[in-house]
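Visitor: Please take me through the salt bridges here. I would like a close look at how the charged side chains pair.

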Amino acid sequence: MSEVRIEKRGMNRRLTITPDPINEPALLAGRAVSSGMGAVVNFLGVVRGIEEGQAISAIEYEAFEKMVTHQFNILFDEMERRWPLESVRLVHRIGVVKVNEPSLWVEVVAPHRGEAFAACQWLIDEMKRVVPIWKKPVG
């Protein structure tokens, strides 16, 4: 398991790459929101039972963790430039993740919902484009 916590002036960031199941209740209980924030957006990505038109039982995720951390930090830097965010937390599983189990959890905290939703969607889209996490369907 790898967790990178970067707390500097500005946006708080937490990135976790783990083979362990995502514990959403624990993540929600660990939320920290200051009084100036009015929006928290959470996203949970769940493995579907169909991949490229074929039934599957799981997806196996692989990651080049050093580069994953590097790429996420670039994305987090860009998020901080674009939106007035207080924090972002992201958990991505690696290894075999069964159908109906979560493989991705994201939380974005911002002053307003529009900023929180936009930042969360942008992060997920860009993550899929540039972060070296590969998936292989398991029959």
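Guide: A salt bridge here means a side-chain nitrogen of Lys or Arg within 4 Å of a carboxyl oxygen of Asp or Glu. The model is predicted, and the structure holds 11 such bridges.

Start at Glu51. Its side chain meets that of Lys135 in a salt bridge, 3.2 Å from N to O. Glu51 lies in strand E4 (residues 50–51) and Lys135 in strand E10 (residues 133–138), so the pair ties together parts that are 84 residues apart in sequence. Glu51 also forms a salt bridge with Arg48, where the closest N and O atoms are 3.8 Å apart.

Glu51 counts as buried, because its relative accessibility is 11% and buried means under 20%. Arg48 is exposed, with a relative accessible area of 54%. Lys135 is partly exposed at 41% relative accessibility.

Lys136 forms a salt bridge with Glu60, and the closest N and O atoms are 4.0 Å apart. This pair also links distant parts of the chain: Lys136 sits in strand E10 and Glu60 in strand E6, 76 residues apart. Lys136 is partly exposed, at 48% relative accessible area. Glu60 is partly exposed too, at 27% relative accessibility.

One more group belongs in this picture. Arg13, Asp77 and Glu80 are linked in a network of salt bridges.

Definitions and conventions:
Residues numbered from 1 in each chain as written. Predicted model: local features only at pLDDT ≥ 70, side-chain atom pairs only at ≥ 80, totals over all residues. Heavy atoms only, no water. Buried < 20%, exposed > 50% of the residue type's maximum accessible area, 1.4 Å probe, protein only. Helix = DSSP H or I, 4+ residues; strand = E, 2+ residues; numbered from the N terminus.
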